[in-house]
Amino acid sequence: SRTSKDWHEAWSKVEQSYLADYHFVHTFPNIAAVVIGLWFGEGDFERTICITTMCGLDTDCTAGQAGAIVGTIIGADQIPAKWKDPIDDRLDSEVIGFEHLRISEIAKLTTEIGKEVIKRYNEAEGITALK
């Protein structure tokens with residue numbers, strides 16, 4: 001929050017406003033943790049995910065969301081090695097046919113799909129340039 005001096009104060013306001021009415025995995029308090037982490041992390045990857053995690057609640061999801069957002073903003077090259085190297089560009093899942101993937105492959109595929117969606121939208125709307 002712009003009126004809070006630090007993330008503790010901002011999170012205290014969230015606790016007062018949302019935690020009595022919502023479960024710890026509900027979107028409202030958890031997205032607030034992500035926003036607080038992004039705001040007070042000020043573009044620093046580690047600081048952002050740590051603040052987000054320290055807010056509590058559904059920490060694996062919120063830290064992942066905040067990390068994905070700030071990582072996209074700063075670029076993969078700016079994410080500290082200690083956060084990337086142990087993962088070794090690897091994602092293991094329980095999705096049949098996608099059990100073992102490279103994160104770089106997922107990023108490439110996601111980019112290609114995004115470009116195709118934009119292309120199809122633009123064609124449907126009669127737009128000739130990518131936006």
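## A guided reading of the chain

Of the 131 residues of the chain, 24% count as buried, where buried means under 20% relative accessible area, exposed means over 50% and partly exposed lies in between, with a 1.4 Å probe and protein chains only. This is a predicted model, in which local features need pLDDT of at least 70 and side-chain atom pairs count only at pLDDT 80 or more, while totals for chains, interfaces and linings use all residues. Residues are numbered from 1 along each chain as its sequence is written, and side-chain values use heavy atoms, with hydrogens and water left out.

The chain holds 6 helices and 2 strands, which are DSSP runs numbered from the N terminus, helices being H or I of at least four residues and strands E of at least two. Read from the N terminus, the elements follow the order α-α-α-α-α-β-β-α. The radius of gyration of the chain, taken over C-alpha atoms, is 18 Å, well over the 14 Å that the globule rule (2.2 Å times the number of residues to the power 0.38) gives for 131 residues, so the chain is more spread out than a compact globule. Along the principal axes, its C-alpha atoms fill a box of roughly 45 × 40 × 30 Å.

The axes of helix H3 (residues 45–54) and helix H4 (residues 59–74) come within 8 Å and cross at roughly 160°, the axes being lines fitted to C-alpha atoms over the stretch in contact, with angles from 0 to 180 degrees between N-to-C directions. That makes H3 roughly antiparallel to H4, a term for angles over 145 degrees. On the H3 side, the contact (heavy atoms within 4.5 Å) is made by Phe45, Thr48, Ile49, Thr52 and Thr53, and on the H4 side by Thr59, Thr62, Ala63, Ala66, Gly67, Val70, Gly71 and Ile74. By class, this contact of H3 with H4 has 6 nonpolar, 7 polar and no charged residues, with Gly counted among the polar ones.

Two loop residues deserve a look for their backbone angles. Glu42, in the loop between helix H2 (27–41) and H3, has a phi near 50°, a positive value in a residue other than glycine, and Glu42 is exposed, with a relative accessible area of 68%. Asp88, in the loop between helix H5 (81–84) and strand E1 (90–92), likewise has a positive phi, of about 55°, although it is not a glycine; at 44% relative accessibility, Asp88 counts as partly exposed.

Technical notes. Angles under 35 degrees count as roughly parallel, over 145 as roughly antiparallel, 65 to 115 as roughly perpendicular and the rest as oblique.
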